[in-house]
Amino acid sequence: MAHPDRFLLAGVMGWPVMHSRSPMLHNYWFKQHDLAGAYVPLAIRPEGLAAALRALHPLGFAGCNLTIPHKEQALAIVDEVDTLARSIGAISCVVARPDGSLAGTNNDCYGFIHNIRQEQPRWRADAGPVVVIGAGGGPRAGCYGLAQEGATEIRLLNRTLARAKKIADEFGGPIKALPWAQRHDALEGAAMVVNATSCGMVGQPALDLKLDQLPASALAADIVYIPLETPLLAAARERGNRTVNGLGMLLHQGRPAWKAWFGIDPEVTPELRAMVERTI
Ligand SMILES: NC(=O)c1ccc[n+]([C@@H]2O[C@H](COP(=O)([O-])OP(=O)(O)OC[C@H]3O[C@@H](n4cnc5c(N)ncnc54)[C@H](OP(=O)(O)O)[C@@H]3O)[C@@H](O)[C@H]2O)c1
């Protein structure tokens, strides 16, 4: 909970970490809520993660976010992992509880769904088949969220089929893994396509996906946010599809973290979005 007489602390642990936009986001919320506090980038080497996490409570940190490469390793360090993080196989947020124990959860799924909701208020997960490309941590969170929201068919495609199959086997339900060669045809009749690979990110090749069969009514979403408009989103926009970029996923995943750390549900305002966009 927020205390007027206490300096509130949280941060993001990563290696490297200085590229993270999270400090900008969380420090905006401290200011907006008129709270004395700071959210700091914590450059933690993988071999130092356990000691760094254990230091959160004695240092007075409410908790931290985790970014590359710590999200999986933290599963074996914290004292309690909730079902969501266990299913996704990664922790994105740690809460240091008053007794010093550490609880891990994953807010990427929340961020993914609430970004789409905010940008496309009439969006429904059960509007038709959803095509998800990728099989890393991002798509695991995305698929979990889509399935929870009632998606009836998720066509999951990844360059390495075995990784997509693993997710389909673990999650079951509406997720079907399809071979990479079928990615163009898989768009037929889809209500939504999501790029959850690292393709399209600055310095990476564009996603090799032909949109010819994507219905004009379909929504195209990307979880990559640097650049804000990936080649996939640009191609989708040019042919008339609605698009959602990945920045809001990052912004929205911060909200449940704040709720857990400080008891406040902060807002993703247009001002906040514009402020972060200016740095991309
Ligand atoms: N907006 C947000 O808040 C948010 C949150 C999480 C992640 N992300 C972003 O999402 C992206 C993926 O993250 P991640 O953690 O899931 O990554 P990851 O675990 O490293 O997985 C990378 C994925 O990209 C695929 N890939 C890489 N190069 C490819 C190529 N040339 N052709 C086809 N597929 C290729 C990989 O396929 P293989 O399995 O075949 O190697 C794999 O599925 C990153 O850019 C990350 O920054 C954004």
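## The largest cavity

The residues lining the largest cavity comprise 6 nonpolar, 3 polar and 1 charged; here Ala, Val, Leu, Ile, Met, Phe, Trp, Tyr, Cys and Pro count as nonpolar, Asp, Glu, Lys and Arg as charged, and the others, Gly among them, as polar. The lining is made up of Phe 112, Asn 115, Ile 116, Ala 221, Asp 222, Ile 223, Val 244, Asn 245, Gly 246 and Met 249. A cavity is a set of points, on a 1 Å grid over the protein atoms alone, where a 1.4 Å probe fits but cannot get out, and lining residues have an atom within 4 Å of a point. Helix H4 (108–119) and strand S11 (219–222) each contribute at least two residues to this lining, and H4 gives the largest share, 3 residues. Helices (H or I, at least four residues) and strands (E, at least two) are DSSP runs, numbered from the N terminus.

The volume of the largest cavity is about 30 Å³, and the count by this rule is 1 cavity of 30 Å³ or more. Grid points are joined across faces, edges and corners, and a volume is the space filled by probe spheres set on the points.

## Basis of the model

The model is predicted: local features need pLDDT of at least 70 and side-chain atom pairs count only at pLDDT 80 or more, whereas totals for chains, interfaces and linings use all residues. Residues are numbered from 1 along each chain as its sequence is written, and side-chain values use heavy atoms, with hydrogens and water left out.

## The ligand and its shell

Around the ligand stand 23 residues, of which Asn 158, Arg 159, Thr 160, Arg 163 and Ile 223 come nearest; a residue is near the ligand if one of its heavy atoms lies within 4 Å of it. The shell divides into 12 nonpolar, 9 polar and 2 charged residues.

Polar contacts are pairs of N or O atoms within 3.5 Å; within protein, one must be able to donate a hydrogen and the other to accept it, and residues adjacent in sequence count only if both atoms are side-chain atoms. A ligand nitrogen atom lies 2.8 Å from a polar backbone atom of Ile 223, a residue that also lines the largest cavity. A ligand oxygen atom is 2.9 Å from an N or O atom in the side chain of Arg 159, and a ligand oxygen atom is 3.1 Å from a polar backbone atom of Gly 137. Of the 920 Å² of accessible area that the ligand has on its own, the protein covers 76%; accessible areas come from the Shrake-Rupley method with a 1.4 Å probe, and for residues only the protein chains shown count as cover. Helix H5 (137–148) and helix H8 (247–262) are the elements giving two or more residues to the shell, with the largest share, 3 residues, coming from H5.

## Local backbone and side-chain features

Trp 15 and Pro 16 are joined by a cis peptide bond with omega of about 5 degrees, and Pro 16 is placed in the loop between strand S1 (8–14) and helix H1 (22–32). A cis bond also runs from Ile 68 to Pro 69, with omega near 5 degrees; Pro 69 belongs to the loop between strand S3 (63–66) and strand S4 (80–81).

Asp 34, in the loop between H1 and strand S2 (37–43), has a positive phi near 55 degrees although it is a residue other than glycine. Asp 34 is exposed (over 50% relative accessible area), at 71%. Gln 253, in helix H8, is buried (under 20%), at 6%; partly exposed lies in between, with a 1.4 Å probe and protein chains only. A polar atom of the Gln 253 side chain lies 2.8 Å from the backbone oxygen of Leu 250.

Methods: On a 1 Å grid over the protein atoms alone, a cavity is a set of points where a 1.4 Å probe fits but cannot get out, and a pocket is an open set with protein on both sides within 12 Å along at least five of seven lines; lining residues have an atom within 4 Å of a point.
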